[in-house]
There are 2 protein chains.
Amino acid sequence: MNDPQAGPEADLADLRARVAEAEDLRLRSLADLDNLRKRCAAQVRRAIEDTQAAVAAQWLPVVDNLERALDHAQAEPEAIIEGVRAIRDQALTVLASLGFPRRDDLGATFDPARHDAVAVRNDPDAGAGTVVDVLRPGYGEGEHQLRPAQVVVAKAG
Amino acid sequence: MNDPQAGPEADLADLRARVAEAEDLRLRSLADLDNLRKRCAAQVRRAIEDTQAAVAAQWLPVVDNLERALDHAQAEPEAIIEGVRAIRDQALTVLASLGFPRRDDLGATFDPARHDAVAVRNDPDAGAGTVVDVLRPGYGEGEHQLRPAQVVVAKAG
């Protein structure tokens with residue numbers, strides 16, 4: 001709008017405009033930060049809800065099959081054992097698909113990250129510090145552990 | 001560092017300093033934005049992993065009890081039915097604690113958000129559009145639905 005002027009007056013006007021612009025951009029950045037912070041919190045909340053629903057949905061077939069096994073139990077009491085075994089396997093498949101396969105720790109070297117030693121036993125056939133019994137299996141692999149196994153460990157010589 | 005000066009020269013120096021400062025603050029805001037964006041993506045990933053593990057862990061007692069029921073099945077085949085019923089109830093408690101209680105939709109007014117109508121039936125005792133049979137139960141309440149119920153709906157007169 002203003003005609004160009006020579007000298008310090010023109011420099012002053014130009015610098016004032018740059019200060020105003022830089023401050024405006026800074027205020028916008030601060031507003032962006034605030035919005036992003038809110039959006040992030042909302043994204044985390046949504047991720048938690050969506051994941052809860054997705055994982056819960058994976059267990060519905062297990063629940064449906066428990067129901068079915070009960071419906072047929074009166075007619076064929078013998079068949080329920082086979083049914084429950086299949087449901088147990090189905091549940092293990094769900095856990096494995098979530099990244100938590102059941103581990104077979106028998107014979108493994110004791111590892112406090114994966115094992116809870118609930119007893120120590122003399123076992124001449126097993127090397128000291130190896131798992132000689134699993135009381136409750138552990139789930140998970142590598143860094144992705146869900147629950148340690150409860151184990152009995154062989155005593156040193 | 002500079003001595004104060006009078007007139008346009010002093011104004012110019014002051015404005016230049018303010019432009020530099022405002023631009024510096026703006027650059028920092030942009031860096032903050034970028035960091036926040038990365039942190040947010042990491043937070044969402046962590047929330048998904050933590051929620052998967054937390055929900056999976058809630059199902060472990062159900063799996064343990066399936067195992068226990070199988071262990072005792074040979075000794076007392078009759079007891080397994082009672083055991084499976086208790087495990088089914090335990091599974092329903094886990095689903096309810098995740099915000100997805102099993103619904104009893106018998107007699108409810110048909111609602112496409114909660115019901116899949118798999119059949120229509122003449123039923124003189126039921127009002128048109130009410131649920132007269134539930135083939136597979138639905139889970140969830142209010143806006144928080146996990147699975148619609150498969151239902152049979154009464155036909156109009």
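Guide: Let us begin with the polar contact, which is a pair of N or O atoms within 3.5 Å; within protein, one of them must be able to donate a hydrogen and the other to accept it, and residues adjacent in sequence count only if both atoms are side-chain atoms. Please keep in mind that this is a predicted model, in which local features need pLDDT of at least 70 and side-chain atom pairs count only at pLDDT 80 or more, while totals for chains, interfaces and linings use all residues. Residues are numbered from 1 along each chain as its sequence is written, chains are lettered from A and ligands numbered from 1 in the order in which they are written, and side-chain values use heavy atoms, with hydrogens and water left out.

Visitor: How many residue pairs are in polar contact across the interface of chain A and chain B, and which parts of chain A supply residues there?

Guide: The rule finds 8 residue pairs in polar contact across the interface, both residues being at pLDDT 80 or more. On chain A, at least two residues of the touching side come from each of helix 1 (8-73), helix 2 (79-97) and strand 4 (144-147), where helices (H or I, at least four residues) and strands (E, at least two) are DSSP runs numbered from the N terminus. Helix 1 of chain A gives the largest share of that side, 36 residues. By residue type, the side of chain A that touches chain B holds 35 nonpolar, 5 polar and 14 charged residues; here Ala, Val, Leu, Ile, Met, Phe, Trp, Tyr, Cys and Pro count as nonpolar, Asp, Glu, Lys and Arg as charged, and the others, Gly among them, as polar.

Visitor: How do you know that chain A and chain B are in contact, and how much area do they bury between them?

Guide: Contact means heavy atoms within 4.5 Å, and 54 residues of chain A are in contact with 54 residues of chain B. Buried area (the accessible area, with a 1.4 Å probe, that two parts lose on being put together, summed over both) comes to about 5,400 Å² for the two chains, 75% of it on carbon and sulfur atoms.

Visitor: Why is the meeting of A:Glu67 and B:Arg102 called a salt bridge?

Guide: A salt bridge is a side-chain nitrogen of Lys or Arg within 4 Å of a carboxyl oxygen of Asp or Glu, and the side chains of A:Glu67 and B:Arg102 meet at 2.8 Å, N to O, so the name applies. This pair crosses between chains, from A:Glu67 in helix 1 of chain A to B:Arg102 in the loop between helix 2 (79-97) and strand 1 (115-121) of chain B. The count between chain A and chain B is 6 salt bridges, and A:Glu67, B:Arg88, B:Asp89 and B:Arg102 are linked in a network of them.

Visitor: What makes A:Lys38 exposed, and with which residue does A:Lys38 form a salt bridge?

Guide: A:Lys38 has 54% relative accessibility and so counts as exposed. A:Lys38 forms a salt bridge with A:Asp34, the closest N and O atoms being 3.2 Å apart. Both residues lie in helix 1 of chain A, 4 residues apart, about one turn of the helix, and A:Asp34, at 35%, is partly exposed.

Visitor: Why does B:Arg147 count as buried, and which residues is B:Arg147 in contact with?

Guide: B:Arg147, in strand 4 (residues 144-147) of chain B, has 9% relative accessibility and therefore counts as buried. The side chain of B:Arg147 reaches the backbone oxygen of B:Pro137 at 3.1 Å. Leaving aside neighbours within four places in sequence, the residues in contact with B:Arg147 include A:Leu60 and A:Asp64 from chain A, and B:Arg103 and B:Tyr139 from chain B.

Methods:
Buried < 20%, exposed > 50% of the residue type's maximum accessible area, 1.4 Å probe, protein only.
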